Amino acid sequence: MVFNIFKKGDNGGEEKAGQEDSGLAALLKMMVERLVDNPDDVAVREVSGDASTILELKVNEADMGKVIGKKGRIIKSLRIVIRAAAVHEGKNVSIELLND
């Protein structure tokens with residue numbers, strides 16, 4: 001896994017039982033949780049296809065503007081970081097921001 005530096009280790013860190021996110025989904029979730037006011041409402045779902053993987057991102061309605069940013073700069077930056085990490089793992093990944 002490429003992003004094991006972002007995970008809490010055996011030195012008192014918590015592991016969430018029952019969640020099996022890929023490294024990319026975990027990285028996206030970690031970055032978005034630090035941007036928003038309601039980090040408990042952040043959810044990332046990974047949808048794998050034949051040629052690529054889509055990371056579906058859901059946030060609280062009040063936090064949508066913080067994730068998008070002015071002129072879409074924040075979501076664009078998140079997409080760039082995730083794509084760069086995906087290339088390192090040999091994957092083709094995109095992010096979709098979902099609203100309910």
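Me: Which residue forms a salt bridge with Glu89?
Reply: A salt bridge here is a side-chain nitrogen of Lys or Arg within 4 Å of a carboxyl oxygen of Asp or Glu. This is a predicted model, where local features need pLDDT of at least 70 and side-chain atom pairs count only at pLDDT 80 or more, while totals for chains, interfaces and linings use all residues. Residues are numbered from 1 along each chain as its sequence is written, and side-chain values use heavy atoms, leaving out hydrogens and water. With closest N and O atoms 3.5 Å apart, the partner of Glu89 is Lys91.

Me: Is Lys91 buried, exposed or partly exposed?
Reply: Buried means under 20% relative accessible area and exposed means over 50%, with partly exposed in between (1.4 Å probe, protein chains only). Glu89 has 26%, so Glu89 falls in the middle class. Lys91 has 37%, so Lys91 also counts as partly exposed.

Me: How many salt bridges does a search of the whole structure find?
Reply: Besides Glu89 with Lys91, Lys66 pairs with Asp37, with the closest N and O atoms 2.8 Å apart. That pair links distant parts of the chain, since Lys66 is in helix 2 and Asp37 is in the loop between helix 1 and strand 1, 29 residues apart. Glu56 also pairs with Arg45, at 3.4 Å between the closest N and O atoms. The search's total is three.

Me: Which residue of the Glu56 and Arg45 pair lies in strand 1?
Reply: The two partners sit in separate strands, eleven residues apart in sequence. Glu56 counts as buried at 18% relative accessibility, while Arg45 is exposed at 51%. Glu56 is the strand 2 partner, and the one in strand 1 is Arg45.

Me: What pattern does the protein follow along the sequence?
Reply: Helices (H or I, at least four residues) and strands (E, at least two) are DSSP runs, numbered from the N terminus. The protein has three helices and three strands. Read in order, they give α-β-β-α-α-β.

Me: Within what arc do the buried residues of helix 3 fall?
Reply: The buried residues of helix 3 are Ile75, Leu78, Ile82, Ala85 and Ala86. They line one face of the helix, because seen down its axis they stay within a limited arc, taken from the directions from the axis to the C-beta atoms. On the face turned away from them sit the exposed residues Arg73, Lys76, Val87 and His88.

Me: How far apart are the end C-alpha atoms of helix 3?
Reply: Helix 3 has 16 residues, and at 1.5 Å a residue it should span 22 Å. The expected span is 1.5 Å times one less than the number of residues. The model agrees with this, as the end C-alpha atoms are apart by 23 Å.

Me: What separates the C-alpha atoms of Gly23 and Ala85?
Reply: Gly23 lies in helix 1 (residues 23-33) and is buried, with a relative accessible area of 9%. Ala85 is one of the buried residues of helix 3. Though 62 residues apart along the chain, their C-alpha atoms are separated by 9.2 Å.
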